Amino acid sequence: PEYGPGHAIEIIKMEGRRQRELAAEVGVWLHDVLEALILDQPIPDPPPDLLGRRLDGEVLHQGLLDGWANGLLNFLLDFDVEAFLAEATVCNPVEGHAGTLDMGAVLRGLSRWLIDLKTGKNLPSWLDLQLQAYWSATELWLPLGERCPMPEFDRAGVLHLRPGYHRGYKLREVTMQQSTWEE
């Protein structure tokens, strides 16, 4: 009461910002885990400052983080994933956009998927547009400045990790339409 309603509003805004930043840190670590799994490298430990902090009312501990990582493992096993891209820089110089594609993979030996990994409680409203931008990329930028044509994909989707999902993940297909990009 001695600080007034303006101070309370600032505290609420700061907590919202803190929660978004913490969720982003968890997401970055899970992207690193996915890349390590794809490249058959050691799984990175989570940043030590994550453990013990509260996210969405839950204390982050190794078991909870492992639950998220297990969602990645389960997805890779369930879909017999053969990844051919991991954290790849894709670009469309004519349209003037670029981004980092989380994974390009053949699922169940059948179709080539463009996949973006999301870990937040809710999927963002702009997600379809992000995938459409990746889909319309014409170049893959490799280390040391090399460029090559963007690989062809049959399908696009979002791998949404949440410990509460069955097997820790959901794969949501997103239909790619040229008209979406032109709007």
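User: Which residue stands opposite Arg112 in β5?

Analyst: Keep in mind that this is a predicted model. Strand β4 (residues 97-107) pairs with β5 in the antiparallel sense, over 5 bridges. In that pairing, the residue standing opposite Arg112 is Val106.

User: And which residue in the turn between β4 and β5 has a positive phi?

Analyst: The two strands form a hairpin, with 3 residues between them. One turn residue has a positive phi of about 55°, and that's Arg108.

User: Why is strand β5 described as largely enclosed by the rest of the structure?

Analyst: A residue counts as buried when its relative accessible area is under 20%. Strand β5 covers residues 111-118, and it is largely enclosed because the number of its 8 residues that are buried is 7.

User: What is the strand order of the open sheet?

Analyst: The sheet has 7 strands and mixed pairing. At its edges sit β7 (147-149) and β9 (169-174), each pairing on one side only. Ignoring direction, neighbouring strands are turned by 40° against each other on average. Reading across, the order is β7-β6-β3-β4-β5-β8-β9.

User: Now the helices: at roughly what angle do the axes of α1 and α2 cross?

Analyst: Two packed helices are described by the angle between their axes and the distance between the axes. For helix α1 (residues 5-38) and helix α2 (residues 62-78), the axes come within 10 Å. Their crossing is right-handed, and the angle is roughly 35°.

User: How many of the residues in that α1 and α2 contact are nonpolar?

Analyst: From α1, the contact includes Val26, Trp29 and Leu30, and from α2 it includes Leu65, Trp68 and Ala69. Sorting the contact residues by type gives no polar and no charged ones. The nonpolar count is 12.

User: At about what angle does α3 run to β5?

Analyst: Two helices are worth a look against the strands here. α1 lies across β3 (82-92), β4, β5 and β8, at about 125° to β3. Helix α3 (residues 127-135) lies across β3, β4, β5, β8 and β9, and its angle to β5 is about 135°.

User: Is His61 buried, partly exposed or exposed?

Analyst: His61 sits in the loop between β2 (58-59) and α2. Buried means under 20% relative accessible area, and exposed means over 50%. With a relative accessibility of 42%, His61 is therefore partly exposed.

User: How far apart in space are His61 and Ile11?

Analyst: Along the sequence, these two are 50 residues apart. Going C-alpha to C-alpha, the distance in space is 25 Å.

User: Finally, the whole chain: what pattern does it follow along the sequence?

Analyst: The protein chain has 4 helices and 9 strands. Of its 183 residues, 40% are buried, and the C-alpha trace spans about 60 × 35 × 35 Å along its principal axes. Read along the sequence, the pattern is α-β-β-α-β-β-β-α-β-β-β-β-α.

Conventions:
Residues numbered from 1 in each chain as written. Predicted model: local features only at pLDDT ≥ 70, side-chain atom pairs only at ≥ 80, totals over all residues. Heavy atoms only, no water. Axes fitted to C-alpha atoms, helices over the stretch in contact; angles between N-to-C directions. Left-handed = near helix turned anticlockwise from the far one by under 90°. Contact = heavy atoms within 4.5 Å. Nonpolar A, V, L, I, M, F, W, Y, C, P; charged D, E, K, R; others polar. Buried < 20%, exposed > 50% of the residue type's maximum accessible area, 1.4 Å probe, protein only. Pairing = 2+ DSSP bridges.
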